[in-house]
Amino acid sequence: IRIERGVSASAIADQLYEKHLIRSTFLFRTIARVTGRSQMLKSGTFLLEPSSTLQLISTLNESAGEVRITIPEGTRARDIASLLAKEGIPIFERDLVPLEGYLFPDTYQIAKDATTEDVVRILQTQFNEKWKSVAQFVGQRAQKDIIIMASILEKESAGDSDRAIISGI
């Protein structure tokens, strides 16, 4: 099952019940609360089998098979694919190259069983959120033009001080 970040113990109980992994949502919530684990249930993708409620709660308190990956600014699509592959998430470079410049550099928690579509959605969602915050400052220029200029600036500069000079020109 996939448990999203910030989901309550009650919502997790409902998911487990729907998948026939527990018999009672009330019992799950009660045991989680009594053991003090209801606030410690992790998000992520879990491969679960029907077992005792206490065992399921323990499993959901462990790491969910996610990796934390940092994509530095200026990282090319092929290098993003390589970073992901090193963490056990096989993504083909050819799937990322057309999206060069639209995959936002940041630190992400990504499920080890994430598909290419999952990874692209995560990185592009972050890109779109960041774009909203700068779009008002770029005037009528096309997004593609801004991305090209930013990519040139990133590759031509040696550091932060150079970026200010080059962008001023």
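## Thr-53

Thr-53 counts as buried, with a relative accessibility of 14%, because the cut-off for buried is under 20%. The model is predicted. Thr-53 belongs to helix 3, which covers residues 53-60. Its contacts include Leu-27, Phe-28 and Ile-31, once neighbours within four places in sequence are set aside.

## Helix 1 against helix 2

Two packed helices are described by the angle between their axes and the distance between the axes. Helix 1 spans residues 9-18 and helix 2 spans residues 25-34. Their packing angle is about 140 degrees, and the axes lie 9 Å apart. Helix 1 is therefore oblique to helix 2. The crossing of the two is right-handed.

On the helix 1 side, the contact uses Ala-9, Ser-10, Ile-12, Ala-13, Asp-14, Leu-16 and Tyr-17. Helix 2 contributes Thr-25, Phe-28 and Arg-29. By type, the residues of this contact are six nonpolar, two polar and two charged.

## The whole chain

Eight helices and four strands make up the elements of the chain. Their order from the N terminus is β-α-α-β-α-β-α-α-β-α-α-α. The radius of gyration is 21 Å, well over the 15 Å that the globule rule gives for 169 residues, so the chain is more spread out than a compact globule.

Along the principal axes, the C-alpha atoms fill a box of roughly 65 × 30 × 25 Å. Of the 169 residues, 32% count as buried. Take contacts between residues at least 6 apart in sequence: 45% of them join residues at least 24 apart.

Methods
Residues numbered from 1 in each chain as written. Predicted model: local features only at pLDDT ≥ 70, side-chain atom pairs only at ≥ 80, totals over all residues. Heavy atoms only, no water. Axes fitted to C-alpha atoms, helices over the stretch in contact; angles between N-to-C directions. Parallel < 35°, antiparallel > 145°, perpendicular 65-115°, else oblique. Left-handed = near helix turned anticlockwise from the far one by under 90°. Contact = heavy atoms within 4.5 Å. Nonpolar A, V, L, I, M, F, W, Y, C, P; charged D, E, K, R; others polar. Buried < 20%, exposed > 50% of the residue type's maximum accessible area, 1.4 Å probe, protein only. Rg over C-alpha atoms; globule rule 2.2 N^0.38 Å.
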